Amino acid sequence: MPLRSLAHTWRYISYLCYFFGTLCTLLVIALLLRISFYIACKAPPLTALSFLPVRHTPLLFLCLLGIMAAAIAFWQTGAAYRQKYDALSQQRTYR
């Protein structure tokens, strides 16, 4: 695989990881804003999660933690591929 094609692949993967990391981050922020809004309105506990049956409420918090972990993983992976792309671009310019 030529260096140019490999560099574009790494850049594409880094942008894709950043995109999914941003989506996960926005989803977590939206969920936390929903919960904080209901807390600010002095609603009964867990009213923000009233769309779920009571037995599924703890799962939402686990999902929230999972989405946070996925966002961090996507951002870190995107940064790693971006560093590879930058290193390959530097190598290509010096040749």
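Modeller: A nonpolar core is a set of buried Ala, Val, Leu, Ile, Met, Phe, Trp, Tyr and Cys residues joined through side-chain atoms within 4.5 Å. The model discussed here is predicted.

Biologist: Which residues make up the largest nonpolar core?

Modeller: Six residues belong to the largest nonpolar core, namely Cys24, Val28, Leu31, Leu64, Ile67 and Ala71. H1 and helix H2 (57-94) are the elements that give two or more residues to this core.

Biologist: What does isoleucine 67 touch, not counting residues up to four places away in sequence?

Modeller: Isoleucine 67 touches Cys24, Leu27 and Val28 on that count.

Biologist: Why is phenylalanine 20 called partly exposed?

Modeller: The relative accessible area of phenylalanine 20 is 35%. Buried means under 20% and exposed means over 50%, with partly exposed in between. Phenylalanine 20 is therefore partly exposed. Its place is in helix H1 (residues 3-40).

Biologist: How many helices and strands does the chain have, and what share of the residues counts as buried?

Modeller: The secondary structure comes to 2 helices and 0 strands. Of the 95 residues, 21% count as buried. The accessible surface of the chain is about 6900 Å², and 71% of that surface belongs to carbon and sulfur atoms.

Notes:
Residues numbered from 1 in each chain as written. Predicted model: local features only at pLDDT ≥ 70, side-chain atom pairs only at ≥ 80, totals over all residues. Heavy atoms only, no water. Helix = DSSP H or I, 4+ residues; strand = E, 2+ residues; numbered from the N terminus. Buried < 20%, exposed > 50% of the residue type's maximum accessible area, 1.4 Å probe, protein only. Contact = heavy atoms within 4.5 Å. Areas by Shrake-Rupley, 256 points an atom, 1.4 Å probe, with all protein chains shown as cover.
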